[in-house]
Amino acid sequence: MKHTKVVDVLKSDKLLQPVTISGWVRSFRNDRFIAINDGSTINTIQCVLEDNIIDQKTLERINVGAAIIITGTLVESEGKGQRVEIKVSEIHIEGDADPEEVKLTILSPKRHSLEKLREQAHLRVRTNTFGAIMRLRSKLSFAVHEYFQKNDFYYVHTPIITGSDAEGAGEAFKVTNMDLKNPPKDENGEVDYSKDFFGREANLTVSGQLEGETYAMGLGQIYTFGPTFRAENSNTSRHLSEFWMIEPEIAFCDLDGNMDLAEDFIKYVIQFALDNCMDDLEFLENRLVQEDKSKPQAERAEMLLRDKLKFVLDNNFKRVSYTEAIEILKNSKPNKKKKFKYPIEEWGADLQSEHERFLVEKHFKCPVILFDYPADIKSFYMRLNEDGKTVRAMDILFPGIGEIVGGSQREERLDVLKQKMEALNIPEEDLWWYLDTRRFGTCTHSGFGLGFERLVLFVTGMSNIRDVIPYPRTPLNAEF
Ligand code: 4AD
Ligand code: MG
């Protein structure tokens, strides 16, 4: 059952030779031209039926959505739009698709809204748009591994089920197999987790960082790439409850080295997409051009998709301290005209996405790395600066996306870290193993987390994060 992939057939110069392909019918015109897509490329192969080659019964079964195997001869195409086509000699319909039923789904050949496609997420990968997005997603995943492997990082599988809340934000999903109608209780009437499956409270990981740090302390430089889970109730086009995160962690590396790594890594992956996914990027670029036509001038994209990607490659990310950013924001037009939902009044304010997007899209007009944030708005593990009020944190902000990376130099001093945990009521017993890294051969080290879906959003030019992961999980939605 080894059939030639459509992507290879379209490139092939083996004219007049037999070929067998398999895929799904995208269209069937004039009882003569079948367009087949097999997922290997955005493009379809045209298969031409000459008179009386196929019996009437089979002909009636060639419907949009049907799975089909075609054998024929590869010939130069007489029509426009394709270089080669297949002159059909044999057709086998492997799986029918009833036209009356297809009509009720997104497989029917007409424009469907992205919302409608989400409702049929099991079928949407058969559309051009989602085929392109998911092929890109796969290629980008490969590029992530290739980058780190080439640069001598080790891939570490940090646990999915964990006892710790790495971000200390209390947004973890609980993992239990207790009978929720009748959980075991202790003498005070509280739920007794010592009787739960793990003999303790457990949750789905919000980040592999803390375990990643312990591994960097032995392997030198590591990365994770796995699913992470957050029970935050943010129903935005940038948040998922289940998303994939890439988290490198490097021993003997400070914040500057961390920024260099993040910038180099992101550029590598984008370059990889430009080098290896041209057809899909071109399709998505045209899709955006079409979409923009129905928008008012002011809302249209300033750059074509591929130009936007090249722009990121050709320009240094602008590195700006939080303190400088606050000054810019305080004196900005939208702040003075009270256009921000959260006006910036003083140093210490947490930056909302409206502020991040102003900095990136209006002020600097390029990717920005903000660093040295106030300690109070960042996580406990970030290294305290000499000023005693800022930490060696960095966020990378991207146009149209906002925050794509969050990272820091870690607090390597045991006493400072313990003080911080105490101030935030993080019990030492919960993180005794993490503190051991500071007890035994502690060293300067840094890392970051990049939200993979936000990267895919940027590269594909899509605008809703639900459209760049096969089956999005969001508040009140876990269908499929
Ligand atoms: O900024 P965050 O919360 O940082 C961490 O988790 C650190 N432990 C990372 C580290 O230093 N190793 O998350 C990192 C990135 C964000 O910048 C964003 O791209 C993405 O993860 N992210 C989300 N993506 C989709 N949906 C969500 N709910 C996300 N929350 C964070
Ligand atoms: Mg963050």
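**Entry 1: pocket lining**

I started with the helices that line the second largest pocket in this predicted model. Helix H8 (278-293), H9, helix H12 (353-364) and helix H15 (452-460) each supply at least two residues of that lining. I then asked which helix gives the most to the lining. H8 does, with 6 residues.

I looked up the volume next. The second largest pocket holds about 1,200 Å³ of space. I found 36 residues lining this pocket. Closest to its centre are Arg 300, Ala 301, Glu 302, Lys 308 and Gly 400. I also sorted the lining by class. It divides into 18 nonpolar, 4 polar and 14 charged residues.

**Entry 2: H8 against H9**

Two of the lining helices, H8 and H9, went on my list for packing. I wanted the angle and the distance, because two packed helices are described by the angle between their axes and the distance between the axes. The axes of H8 and H9 come within 8 Å and cross at roughly 115°. I listed the residues that meet. From H8 they are Met 278, Leu 281, Glu 282, Leu 284, Glu 285 and Leu 288. From H9 they are Leu 305, Arg 306 and Leu 309. By class I get 6 nonpolar, no polar and 3 charged residues in this contact.

**Entry 3: H7 against H9**

I turned to helix H7 (residues 255-276) and helix H9 (residues 305-314). Their axes come within 9 Å and cross at roughly 145°. H7 passes H9 in a left-handed crossing. On the H7 side, I noted Lys 267, Ile 270, Gln 271 and Leu 274 in the contact. On the H9 side, Arg 306, Leu 309, Lys 310, Val 312 and Leu 313 take part.

**Entry 4: salt bridges**

How many salt bridges does the count come to? I have 25. I picked one pair to follow up. Arg 410 forms a salt bridge with Glu 213, and the closest N and O atoms are 3.9 Å apart. Where do the partners sit in the chain? Arg 410 is in the loop between strand E14 (402-409) and helix H13 (414-423). Glu 213 is in helix H6 (residues 209-219). The pair links distant parts of the chain, 197 residues apart.

How values were computed: Residues are numbered from 1 along each chain as its sequence is written. Chains are lettered from A and ligands numbered from 1 in the order in which they are written. This is a predicted model: local features need pLDDT of at least 70, side-chain atom pairs count only at pLDDT 80 or more; totals for chains, interfaces and linings use all residues. Side-chain values use heavy atoms; hydrogens and water are left out. Axes are lines fitted to C-alpha atoms, for helices over the stretch in contact, and angles run from 0 to 180 degrees between N-to-C directions. Helices (H or I, at least four residues) and strands (E, at least two) are DSSP runs, numbered from the N terminus. A crossing is left-handed if the near helix is turned anticlockwise from the far one by less than a right angle, and right-handed if clockwise. Contact means heavy atoms within 4.5 Å. On a 1 Å grid over the protein atoms alone, a cavity is a set of points where a 1.4 Å probe fits but cannot get out, and a pocket is an open set with protein on both sides within 12 Å along at least five of seven lines; lining residues have an atom within 4 Å of a point. Grid points are joined across faces, edges and corners, and a volume is the space filled by probe spheres set on the points. Ala, Val, Leu, Ile, Met, Phe, Trp, Tyr, Cys and Pro count as nonpolar, Asp, Glu, Lys and Arg as charged, and the others, Gly among them, as polar. A salt bridge is a side-chain nitrogen of Lys or Arg within 4 Å of a carboxyl oxygen of Asp or Glu.
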